[in-house]
Amino acid sequence: MDISAGWDLVVIGSGPAGEAAAMQATKKGLRVAIVEDQKSLGGNCTHWGTIPSKALRHLVRQVIRTQRNPLLRGIINPREVRWQDLIVRTREVIDSQVQVRTDFYIRNRVTVFGGRGELLGNNEVRVEDREGRLHLLKTRNVVIATGSRPYHPEDVDFDHPRIYDSDTILTMDHTPRHIIIYGAGVIGSEYACIFTGLGIRVDLVNSRQHLLDFLDTEISDALSYHLREQGCTIRQDEEYQRVVADDEGVTLELQSGKKLRADALLWCNGRSGNTQDMGLEAAGLKPNNRGQLQVNERYQTEVEGIYAVGDVVGWPSLASASYDQGRFCAAAIAGDEVRQVTDVPTGIYTIPGISSVGRNEQELTEAKVPYEVGQAFFRNLARAQITGERVGMLKILFHRETLAVLGIHCFGYQAMEIVHVGQAIMRQPGELNTLEYFIDTTFNYPTMAEAYRVAAINGINRIRR
């Protein structure tokens, strides 16, 4: 066994959280090693989650936009686009990301150990690499950043070739005519838009009464409307009873007595932390029933010297937040001030997309905050008319008396991009965070960001008539 001592930090997992922790720590002068059990760097985010799903979405949006363009209509028939061809292009993006991420480690001189990391205590990590060699890393600190995987209930046969989760759907070697998606959270809703965009019939089964019920109600309703308009059947407040698969397809039996039949089933109902078989018990750690670890404000577990960041700690389970968690955790280990990830914007890559930051109308109403709403409908914006992306709206929630911006909610073209304009203003202190900024600022014309000026004027007119 190769014994390697003198590490200040060993990071297990090279997704956004692990990468950020490693880069921040090495820039703080710490000696850092990273352990990754996949064949290449990047973690689940690069190989199975964010990058491939967003690449697929972009490709499908291109197909949809081509169909809507009167000059290009008929060049591409969505129903003739093969799933396998989309996956090939997606893998090109993944390979590019892997190269970028690999270069980060080389430039910052972070040592990479390829293999599975196992804790032998709070100061030792055992790694068996792909050649069967054993490495024992002695370290002052460990950061667990192993991410998450799709949750698998025991009564569903995920080995069946017609039953997929959000990882294995990237290996599907045929294009179904009809697919059932069980679970209408962020991942399920995104894939519902991808498949409907290809002209595939979709049954989206939601175990709750409303789609993405953490969103502003108006935005959630808009997504439901446009999914249905695209041909998706949404079945709300339904729970599965049994999944029966055969050579021809899959039958999903619901507790309500309904039976849905399709060519394939995509299971998108929850995720579990990747904490299995890594020696947590030897270090004195016990994850919850979803494999997640509890941490304090410094991202430290109950065991001194062991930290956890990213999806493995649960909320908010976003790549963007995971990256910041990794940075803040490493900075705290190096002796900097303790920082927490706050004011995280949502980014939901449905078609059209959704993004928001701050509180929604339901929360403000329950808190009895006197707020008002400013709206800009994209159909009235010159930029949206030019691009043909007329679906959507920007909504600013602000305090009626102080005009402080309380929430930004956007549905439509470039929602995930323009939300940051509102986020930047919301983070300003005192009088700088008011609706008047959007009214007094000159925006480029024609742009989607101009929606802020339109919405702000709409809002101020509601209270100054």
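Start by selecting Lys138 in this predicted model: Lys138 is partly exposed, its relative accessible area being 31%.

Next, select Glu131 and Arg133. Their side chains meet in a salt bridge, 3.2 Å from N to O. Glu131 is exposed, at 59% relative accessibility, while Arg133 is partly exposed at 48%. For a network, select Asp216, Glu218, Glu361 and Lys395, which are joined by salt bridges that share partners. The structure as a whole holds 27 salt bridges.

One further pair is Glu190 and Lys54, a salt bridge with its closest N and O atoms 2.9 Å apart. Glu190 belongs to helix H5 (residues 186–197) and Lys54 to helix H3 (residues 50–68), so the pair ties together parts that are 136 residues apart in sequence. Glu190 counts as buried because its relative accessibility is 5%, under the 20% cut-off. Lys54, at 22%, counts as partly exposed.

**Helix H4**

Select residues 83–107, which make up helix H4. This helix has 25 residues and spans 37 Å from its first C-alpha to its last, close to the 36 Å expected at 1.5 Å a residue. Show the side chains of Trp83, Leu86, Ile87, Thr90, Ile94, Val98, Arg101 and Tyr105, which are buried in H4. What do the buried residues of H4 pack against? The elements are helix H1 (16–27), strand S2 (32–36), helix H2 (43–47), H3, strand S3 (111–119) and H5. After H4, go to Arg109, whose phi is positive, near 55°.

**The parallel sheet**

Now bring up the open sheet of five strands, ordered S7-S14-S8-S9-S10 with parallel pairing. Look at the edges, where strand S7 (163–165) and strand S10 (232–235) stand. Each has a single partner strand, so one side of each is left without a neighbour in the sheet. On average, neighbouring strands of this sheet are turned by 20° against each other, direction ignored.

Zoom in on strand S9 (residues 201–205) and S10, which pair in the parallel sense over four bridges. To find one of these pairings, select Leu204 and its bridge partner in S10, Ile234.

**Asn433**

For the last stop, select Asn433, in the loop between helix H11 (415–426) and helix H12 (436–440). Is Asn433 buried or exposed? Asn433 is buried, with a relative accessible area of 10%. Its side chain reaches the backbone nitrogen of Val405 at 3.3 Å. To see the surroundings, show Leu403, Ala404, Val405, Ile425, Met426 and Gln428, which are in contact with Asn433 when its neighbours within four places in sequence are left aside.

Methods: Residues numbered from 1 in each chain as written. Predicted model: local features only at pLDDT ≥ 70, side-chain atom pairs only at ≥ 80, totals over all residues. Heavy atoms only, no water. Salt bridge = Lys/Arg side-chain N within 4 Å of Asp/Glu carboxyl O. Helix = DSSP H or I, 4+ residues; strand = E, 2+ residues; numbered from the N terminus. Buried < 20%, exposed > 50% of the residue type's maximum accessible area, 1.4 Å probe, protein only. Expected span 1.5 Å × (residues − 1). Contact = heavy atoms within 4.5 Å. Polar contact = N/O pair within 3.5 Å; in protein donor to acceptor, adjacent residues only side chain to side chain. Pairing = 2+ DSSP bridges. Axes fitted to C-alpha atoms, helices over the stretch in contact; angles between N-to-C directions.
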